[in-house]
Amino acid sequence: MSWQLHIASDRCIGSGMCAGAAPDLFALDDDHARPVRERIAEDDDRALEAADICPMLAITVRDADGREIGPRE
C-alpha cells in the first residue's frame, strides 16, 4: 500500500517548510515545491507533518483508496 502526494501549484508559495521537514519527500523548484515522488510508503508521518505545516495548505496526502488524509485538522 502507498500514499499519494500532491502539491497545488496555484497555492504553493515556495516557503520550503515541506522540504525542510522531509527533504527526501519534497524539493523546491524555482518558486514552488514538488513531491520528489508521487507515491510514498504508507504511514510516513513526515508527509502528514509537511501537509500540516504548509502555510498555504497546498499539500494533499491521499491513501491508497484516494481518501484525503492530510492535512490533518
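Two strands count as paired if DSSP finds at least two bridges between them. Strands (E, at least two residues) and helices (H or I, at least four) are DSSP runs, numbered from the N terminus.

View 1. The four strands lie in the order 4-1-5-6, and their pairing is antiparallel. Strand 4 (39-41) and strand 6 are the edge strands; each has a single partner strand, so one side of each has no neighbour in the sheet. From one strand to the next, the twist averages 40°, where axes are lines fitted to C-alpha atoms (for helices, over the stretch in contact) and angles between N-to-C directions run from 0 to 180 degrees. The model shown here is predicted: local features need pLDDT of at least 70, side-chain atom pairs count only at pLDDT 80 or more, and totals for chains, interfaces and linings use all residues. Residues are numbered from 1 along each chain as its sequence is written, and side-chain values use heavy atoms, with hydrogens and water left out.

**View 2. Strand 1 beside strand 4, with helix 2 on the sheet.** Strand 1 (residues 2-7) and strand 4 run antiparallel and are joined by three bridges. Look for Trp 3, which stands opposite Ile 40 in strand 4. Helix 2 packs on the sheet and touches strand 1, strand 4, strand 5 (59-62) and strand 6, with contact meaning heavy atoms within 4.5 Å. The direction of helix 2 makes about 145° with that of strand 5.

**View 3. A salt bridge between Asp 52 and Arg 72.** The two side chains meet at 2.6 Å, N to O; a salt bridge is a side-chain nitrogen of Lys or Arg within 4 Å of a carboxyl oxygen of Asp or Glu. This pair links distant parts of the chain, 20 residues apart: Asp 52 belongs to helix 2 (residues 45-53), and Arg 72 to the segment after strand 6 (68-70). Asp 52 is partly exposed, with a relative accessible area of 29%, and Arg 72 is partly exposed at 43%. On this scale, buried means under 20% relative accessible area, exposed over 50%, and partly exposed in between (1.4 Å probe, protein chains only).

View 4. Asp 29 and Arg 34 meet at 2.5 Å, N to O. Asp 29 is partly exposed at 35% relative accessibility, and Arg 34 is partly exposed at 34%. The side chains of Asp 65 and Arg 67 form a salt bridge at 3.2 Å, N to O, and both residues are exposed. The whole structure holds seven salt bridges.
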